[in-house]
Amino acid sequence: MHLCVLARVSYKDARNILLEPGSHYKTRSIVKRGRKNGRQKIRVLHEPSPTLKALQQAIFRNCLPAGPSSPISYAFEAGRSTLEAAKLHVGAKSLVSVDVSDFFGSIRATGVFHLFSRLGYPELLSYEMALLTTVGQSSVPKHDDPGLTYRTKHVGALPQGASTSGKLANLLCSDLDLQLMRIRRRWGGVVTRYADDICLTLPRRITRAEGAAIHRELEQALRSCGFKLNRSKTRIVLNAATFNMLGLCVGQDKVWLRKSYKQMVRAHLHGIEKFGLSAHMKDRNYSSEPEVISSMWGHYAYSAGIEPKFAAEIASRLKRSGILPI
């Protein structure tokens, strides 16, 4: 009941969501780069209804620890970003990078329930908050038990798109992060985890055998924590001065934007300048003009801390087109 007050949601509406959480998500598919088994890769986002979103935000603000989940976790953490993670790798000479397959889908509702329990919440509330923060969970009321009043029919997982998923995932990756830090201590260098993207760099060149050994240790750490390796995204660089990492270029003394990223942003700016905001929105399959505006000014904010000169170009061209922040 207290959670309903914090979320400004009626108890009746909250109970309806608990009994049918799946019906309170809208799915949206985003085409990813590359193909798998001859098919275009798709990322499925689960967008919660306004009522469910309010409950999830109340859980995020009031029920989860506010600080960083671990020293090496940089996604979904206040005050941390890809830039902050990339800066730690400046000066590296070698890289072993791995990616987790189906990161959010691998984190099951049972783990979320046990996490809330470890944080000190009662069993029933922990179960209900797990229901509110996962997708695919199917439960029915259980009237013969005075304690836990649900019977689980199907175990769900974290949805990509909920405000709680990132923080919950990081908290549930604490064991993985500890193992990654042990690997880093054995080999030296720096390790960061940005959600499903794990990068370990060393300040020296490595041999092929060393790269393979580090890769095996990273894969073993993932497996022991219930994750699978996305082999198509594994990279082992034995010796280099520049690395593409976390969507950025990392060199010996600085971090900068990738050329492909700047080309993509400039293509959007050109489309808006030549055809207008509305036509560009339709051509690029945006859902609304505010979505385009928000996206473009988001590129400005992202670039400002990395390459201020490029950020100034974005702002200038948007303003000349009459597009101001919203």
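Mentor: First, a term: two strands pair if DSSP finds at least two bridges between them. Please keep in mind that this is a predicted model.

Trainee: How many bridges join strand E6 to strand E7?

Mentor: E6 (residues 190–194) and E7 (residues 197–202) are joined by 5 bridges, and the two strands run antiparallel. Within this pairing, Val190 stands opposite Thr201 in E7.

Trainee: And what do E6 and E7 form, with how many residues between them?

Mentor: They form a hairpin with 2 residues between E6 and E7. Ala195, which lies in the turn, has a positive phi of about 60°.

Trainee: Which strand does E7 run antiparallel to over 6 bridges?

Mentor: That is E3, joined to E7 by 6 bridges. Here Ser94 stands opposite Leu202 in E7.

Trainee: What about E3 and E9, how many bridges are there?

Mentor: There are 3 bridges between E3 and E9 (residues 235–237), again in an antiparallel arrangement. Leu95 is placed opposite Val237 in E9. E3 also pairs with E8 (residues 228–229) in the antiparallel sense, over 2 bridges, and Ser101 has Lys228 in E8 as its bridge partner.

Trainee: Is E3 mostly covered or uncovered?

Mentor: Strand E3 (residues 94–101) is mostly covered, with 7 of its 8 residues buried.

Trainee: Changing topic to the helices: why is H6 described as largely enclosed?

Mentor: Because 8 of the 11 residues of H6 (residues 123–133) are buried, the helix is largely enclosed by the rest of the structure. Among the buried residues of H6 are Tyr127, Glu128, Met129 and Leu132.

Technical notes. Residues are numbered from 1 along each chain as its sequence is written. This is a predicted model: local features need pLDDT of at least 70, side-chain atom pairs count only at pLDDT 80 or more; totals for chains, interfaces and linings use all residues. Side-chain values use heavy atoms; hydrogens and water are left out. Helices (H or I, at least four residues) and strands (E, at least two) are DSSP runs, numbered from the N terminus. Buried means under 20% relative accessible area, exposed over 50%, partly exposed in between (1.4 Å probe, protein chains only).
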